[in-house]
Amino acid sequence: MNPLIDLILSRRSIRKFQNKPIDEKYIHWILKAGFAAPSGKNRRTWKFTVATNNEIIQNLAKNIGEVLSRDGYNLYNAPLLIIPSNLKESSWGLEDNTCAMQNMFLAAHSMGIGSVWINQLSQICENPQIRSILDSFEIPSTHTVHGFVALGYPLEEPKCIDRSGPVHFVR
């Protein structure tokens with residue numbers, strides 16, 4: 001089969017990561033793949049914020065857990081987060097960031113790095129407790145976070161599951 005199709009079909013969400021940092025050269029390529037994504041009218045109104053410090057990542061996790069009343073929330077102990085943000089007024093911010101994240105997921109997978117979409121910030125971005133953390137990350141107050149990427153080396157091999165669905169051809 002085509003290597004790209006194989007990559008797409010074999011990628012799975014990883015929720016258990018090794019406690020091992022990701023080399024910066026891989027982070028560079030993952031970000032480059034994100035920036036190569038399409039965006040509405042090619043406006044590219046996104047910003048990508050990278051967190052590699054475990055203390056900072058776990059502080060974010062703790063605060064998300066507090067706001068959402070989820071004890072022990074830990075962002076799957078991912079050693080790396082990439083947080084795409086986009087202008088609140090962008091008509092295509094969600095879609096643009098989603099395309100960028102998908103490119104990042106596939107790029108990471110091609111390098112043996114696991115990933116999972118985290119969507120908890122989409123509804124709580126403007127909570128003062130969370131906004132103060134986003135401010136400390138230099139995510140502009142004019143931006144929102146629709147979802148973000150947690151990355152790390154998989155702790156175990158993910159299960160293969162059937163991912164087919166209904167298709168209807170109209171001819």
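## Strand E5 and its partners

Select strands E2 and E5: the two run antiparallel and are joined by three bridges. The model is a predicted one. Within this pair, Leu80 has Leu151 of E5 as its bridge partner.

Now show the side chains of E5. Which residues of E5 point one way, and which the other? Phe148, Ala150 and Gly152 point one way, Val149 and Leu151 the other way, and all are buried. In a regular strand, side chains alternate between the two faces of the sheet. E5 is mostly covered, with five of its five residues buried.

## Ala150

Select Ala150, which is in strand E5. Ala150 counts as buried because its relative accessible area is 0%, and the cut-off for buried is under 20%. What is Ala150 in contact with, leaving aside neighbours within four places in sequence? The contacts are Phe17, Ala78, Leu80, Leu81, Gly114, Ser115, Val116 and Ile118. For a distance check, pick the C-alpha atoms of Ala150 and Lys16: they are 11 Å apart in space, while the residues are 134 apart in sequence.

## The nonpolar cores

Next, select Leu60, Ile64, Leu75, Leu81, Leu121 and Phe148. These have the most contacts inside the largest nonpolar core, which has 25 residues. Two or more residues come from each of helix H3 (54-67), strand E2 (80-87), strand E3 (114-118), helix H5 (128-136) and strand E5 (148-152). H3 gives the most, with four residues.

Centre on Leu75. Not counting residues up to four places away in sequence, Leu75 touches Ile57, Leu60, Ala61, Ile64, Leu81, Ile118 and Phe148. Another core, of 20 residues, lies apart from the largest one; Trp46, Ile82, Ala100 and Ile113 are among its residues. In soluble globular proteins, nonpolar side chains tend to be buried together.

## Helices H2 and H4

Finish with helix H2 (residues 24-35) and helix H4 (residues 93-110). At what angle do H2 and H4 pack? The angle is about 145 degrees, and the axes are 7 Å apart. The crossing of H2 and H4 is right-handed. Show Trp29, Ile30, Ala33 and Gly34 on H2, then Ala100, Asn103, Met104, Ala107 and Ala108 on H4; these residues make the contact. By class, the contact has seven nonpolar, two polar and no charged residues.

Technical notes
Residues numbered from 1 in each chain as written. Predicted model: local features only at pLDDT ≥ 70, side-chain atom pairs only at ≥ 80, totals over all residues. Heavy atoms only, no water. Axes fitted to C-alpha atoms, helices over the stretch in contact; angles between N-to-C directions. Left-handed = near helix turned anticlockwise from the far one by under 90°. Contact = heavy atoms within 4.5 Å. Nonpolar A, V, L, I, M, F, W, Y, C, P; charged D, E, K, R; others polar. Core = buried A, V, L, I, M, F, W, Y, C linked by side-chain atoms within 4.5 Å. Buried < 20%, exposed > 50% of the residue type's maximum accessible area, 1.4 Å probe, protein only. Pairing = 2+ DSSP bridges.
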